[in-house]
Amino acid sequence: MTRSAPLDGDARPSRTTMPAERVRELLGALRGRLIVSCQAAPGDPLRAPEHMAAVAASVVAGAPVAAIRVQGVADIRAVRRVVALPLIGLWKDGGEGVYITPTAAHARAVAEAGAEIVAVDATGRPRPDGRPLRDTVESVHTLGRLVMADVSTADEGVAAAELGADLISTTLSGYTPYSRQQSGPDLALITELADRVDVPVLAEGRVHTPEEARTAIESGAWAVVVGGAITAPAAIAARFAAALPPGR
Ligand SMILES: CC(=O)N[C@H](C=O)[C@@H](O)[C@H](O)[C@H](O)COP(=O)(O)O
């Protein structure tokens, strides 16, 4: 079954300089498990490295999570100090087009801050420095880290895997104008990617409930990444408030 491919002997070896045994251990430790994304939006009172470190430490103390996803060099360093789990790091620069770890320089900074896995925008859109995604993948691998390709469609995931990405995540489905727009996780994309690539596929984006997390794994995801539903009190409170009957 596709989901076991990365640990099978016939899986494509990673092009990273991380030792192969460590790659197997790292990917194996994620399998079937929950990854929590600890990020605060600009302007949110929680947007400070010490707050994100406390949120990550709280999550890890309370649940058997496999890894933490964290945004920004300062937050990665702060979370690294208090959490021993693998970190998936990214650097959001801007808010339009390609903004998740948009260049090789951003990726290097994320790796050097302490992330074992570097998440990058792997959509086919033009990158701000005009360089190809291949440059970013190669610099992450040279630094002995793994690349997580954030994609919005199956074709983007297949292209990223061909370039050497070590994990593919559905992060950007619904966030590019040409991808599927829906209120919940893109289960169809998870299933299609799991069939078409020979690296782990992560379900990420709009996983709001434990049941959806389970369904994502059952749809073929190697692991599931949950952000706002766990770590964004403003969004959680807003959902509760919006669910109350009108008129009071
Ligand atoms: C599109 C984009 O920029 N996604 C970001 C990627 O790091 C984060 O803002 C999300 O919170 C993360 O993907 C987890 O998703 P959700 O919070 O829906 O569980």
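This is a predicted model: local features need pLDDT of at least 70, side-chain atom pairs count only at pLDDT 80 or more; totals for chains, interfaces and linings use all residues.
1. Strand S5 sends Leu146, Met148 and Asp150 to one side and Val147 and Ala149 to the other, and all of these residues are buried.

2. S5 belongs to a barrel. It is closed by 8 strands in the order S1-S2-S3-S4-S5-S6-S7-S8, with parallel pairing. From one strand to the next the twist averages 25°.

3. Two of the strand pairs can be described in detail. S4 pairs with S5 in the parallel sense over 5 bridges, and Asp121 stands opposite Asp150 in S5. Strand S1 (residues 33-38) pairs with strand S8 (residues 223-226), also in the parallel sense, over 4 bridges. Here Val36 is the residue opposite Val226 in S8.

4. Helices lie across the strands. Helix H2 (residues 49-62) lies across S1 and strand S2 (67-71) and runs at about 160° to S1. Helix H4 (residues 104-112) lies across strand S3 (87-90) and strand S4 (117-121), and its angle to S4 is about 155°.

5. Helix H6 (residues 154-163) and helix H7 (residues 187-196) have axes that come within 9 Å and cross at roughly 30°. The crossing of H6 past H7 is right-handed. H6 contributes Ala154, Gly157 and Val158 to the contact, and H7 contributes Leu189, Glu192, Leu193 and Arg196. By class these residues are 4 nonpolar, 1 polar and 2 charged.

6. Which residues of H7 are buried? They are Leu189, Ile190, Glu192, Leu193 and Ala194. The cover over them includes H6, strand S6 (167-169), strand S7 (201-204) and helix H8 (210-218). As background, an α-helix has 3.6 residues a turn, so residues three or four places apart point the same way.

7. Leu172 is found in the loop between S6 and H7. Why does Leu172 count as buried? Because 24 other C-beta atoms lie within 10 Å, and the cut-off is 20 or more. Beyond its neighbours within four places in sequence, Leu172 is in contact with Asp121, Thr123, Asp150, Val151, Ser152 and Ser179. Two of these, Asp121 and Asp150, are the residues that stand opposite each other in the pairing of S4 with S5. The C-alpha atoms of Leu172 and Gly205 are separated by 7.3 Å, although the two residues are 33 apart along the chain.

8. Most residues other than glycine have a negative phi. Thr101, in the loop between S3 and H4, has a positive phi near 45°. Thr101 counts as buried because it has 30 C-beta neighbours inside 10 Å. Arg206, in the loop between S7 and H8, is not a glycine either and has a positive phi of about 60°. Arg206 is partly exposed, because 18 other C-beta atoms lie within 10 Å.

Terms used: Residues are numbered from 1 along each chain as its sequence is written. Two strands pair if DSSP finds at least two bridges between them. Axes are lines fitted to C-alpha atoms, for helices over the stretch in contact, and angles run from 0 to 180 degrees between N-to-C directions. Two residues are in contact if their C-beta atoms, placed from the backbone, lie within 7 Å. A crossing is left-handed if the near helix is turned anticlockwise from the far one by less than a right angle, and right-handed if clockwise. Ala, Val, Leu, Ile, Met, Phe, Trp, Tyr, Cys and Pro count as nonpolar, Asp, Glu, Lys and Arg as charged, and the others, Gly among them, as polar. A residue is buried if 20 or more other C-beta atoms lie within 10 Å of its own, exposed if 12 or fewer, and partly exposed in between; C-beta atoms are placed from the backbone.
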